[in-house]
Amino acid sequence: MSNHPLIDKFNEPVLSNLGLKKDEKLIILGPCAVESMEQLEQIAKFLHENGIKFMRAGAFKPRTSVYDFQGLGTVGLQYLKQIKEKYNLKIVSEIMDPLQLPLMDMVDVLQVGARNMQNFSLLKALGKISKPVILKRGFGNTIEEFLCAAEYILQGGNKNLILCERGIKTFEPLTRNTLDLASVALIKKNYNIPIICDPSHATGHSDLVIPLSLASIACGADGIMVEIHNNPAFSLSDSEQALNLDEAFLLIEKLKRTSD
Ligand code: PEP
Ligand code: MN
């Protein structure tokens with residue numbers, strides 16, 4: 001028997017449940033982390049003016065070093081709530097622990113980060129709700145393990161699931177990770193579950209983000225999630241991979257051309 005029978009027969013209209021039109025791509029842009037109200041304001045205004053409906057921004061940040069910026073937590077969520085209402089955006093934000101669920105009511109799409117892909121108690125808790133979840137692939141996990149992790153959420157009853165390929169660790173040191181586009185093509189070929197790509201964490205370098213965003217769409221991804229910042233050099237996390245707003249504008253323009 002398959003270890004992921006629900007993935008095998010998955011056929012939920014997750015993207016149209018999120019308000020997307022047929023063939024419309026899920027484009028999620030925003031900072032790595034919520035840093036301040038001013039930062040969110042500038043980015044949200046930019047997204048609103050450019051017709052982007054989904055903003056990402058982490059309030060709880062899973063950082064490799066405990067000495068690095070850990071996110072603004074509940075204060076960050078309050079900023080996100082205000083911004084969401086002002087600019088009519090849908091918010092994507094990371095949940096690290098089931099205990100954070102009651103705090104994250106105003107978040108439209110919960111993100112499970114790569115480091116938590118096999119946090120089975122978190123996955124089970126997310127299976128019991130109906131809110132959409134983006135499950136990121138662990139950087140040390142196979143496609144099969146990725147699908148098995150997704151099954152945990154589906155098995156609990158939550159069918160609003162989107163997968164996200166965010167790159168895996170390889171021997172290559174010049175990029176932060178290696179974007180495994182073959183996983184996207186393979187999953188698109190064999191299953192109906194939506195999958196998006198995160199070329200920001202996959203590459204770690206802002207100048208590689210646009211080409212790999214386009215490559216993701218070309219190989220069949222249902223969307224992309226990209227980190228952008230009003231002032232990348234001063235970003236408190238992942239500053240090297242963030243697009244500035246001019247680059248983000250260019251990305252949006254290039255994405256429009258892919259749908260012609
Ligand atoms: C993020 O999206 O900010 C993040 C931490 O990504 P990942 O879990 O893929 O490393
Ligand atoms: Mn990040």
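Visitor: Why is cysteine 32 called buried?
Guide: Buried means under 20% relative accessible area, exposed over 50%, and partly exposed in between (1.4 Å probe, protein chains only). Cysteine 32 has a relative accessibility of 5%, so it counts as buried. The model is a predicted one: local features need pLDDT of at least 70, side-chain atom pairs count only at pLDDT 80 or more, and totals for chains, interfaces and linings use all residues. Residues are numbered from 1 along each chain as its sequence is written, chains are lettered from A and ligands numbered from 1 in the order in which they are written, and side-chain values use heavy atoms, with hydrogens and water left out.

Visitor: Why can cysteine 32 and aspartate 238 be said to tie parts of the chain together?
Guide: Cysteine 32 sits in the loop between β1 (26-30) and α3 (37-49), and aspartate 238 in the loop between β8 (223-227) and α10 (245-258), so the pair joins parts that are 206 residues apart in sequence. The element names refer to DSSP runs, numbered from the N terminus: helices (H or I) have at least four residues and strands (E) at least two.

Visitor: How do you know whether aspartate 238 is buried or exposed?
Guide: The relative accessibility of aspartate 238 is 17%, so it counts as buried. Its phi is positive, about 50 degrees, although aspartate 238 is not a glycine.

Visitor: How do you know which residues surround ligand 1?
Guide: A residue counts as near a molecule if one of its heavy atoms lies within 4 Å of it. The residues around ligand 1 include Cys32, Arg56, Lys61, Arg115, His201 and Glu227. By class, this shell holds two nonpolar, three polar and seven charged residues. Here Ala, Val, Leu, Ile, Met, Phe, Trp, Tyr, Cys and Pro are nonpolar, Asp, Glu, Lys and Arg charged, and the others, Gly among them, polar.

Visitor: What makes arginine 56 a polar contact of ligand 1?
Guide: A polar contact with a ligand is a pair of N or O atoms within 3.5 Å. A side-chain N or O atom of arginine 56 is 2.8 Å from an oxygen atom of ligand 1. For arginine 115 the distance is 2.9 Å, and for histidine 201 it is 3.4 Å. The protein covers 98% of the 290 Å² of accessible area that ligand 1 has on its own.

Visitor: Why is arginine 115 called partly exposed?
Guide: Arginine 115 has a relative accessible area of 40%, so it is partly exposed. Its place is the loop between β4 (109-112) and α5 (120-127).

Visitor: Which class do tyrosine 79 and lysine 81 belong to?
Guide: Tyrosine 79, in helix α4 (residues 74-87), has 24% relative accessibility and therefore counts as partly exposed. Lysine 81, also placed in helix α4, has 40%, so it too is partly exposed.

Visitor: What makes a group of residues a nonpolar core?
Guide: The members are buried Ala, Val, Leu, Ile, Met, Phe, Trp, Tyr and Cys residues joined through side-chain atoms within 4.5 Å. The largest such core has 78 residues, and Met55, Leu135 and Ile228 have the most contacts inside it. Helix α6 (residues 143-156) gives the largest share of this core, seven residues.

Definitions and conventions
Polar contact = N/O pair within 3.5 Å; in protein donor to acceptor, adjacent residues only side chain to side chain. Areas by Shrake-Rupley, 256 points an atom, 1.4 Å probe, with all protein chains shown as cover.
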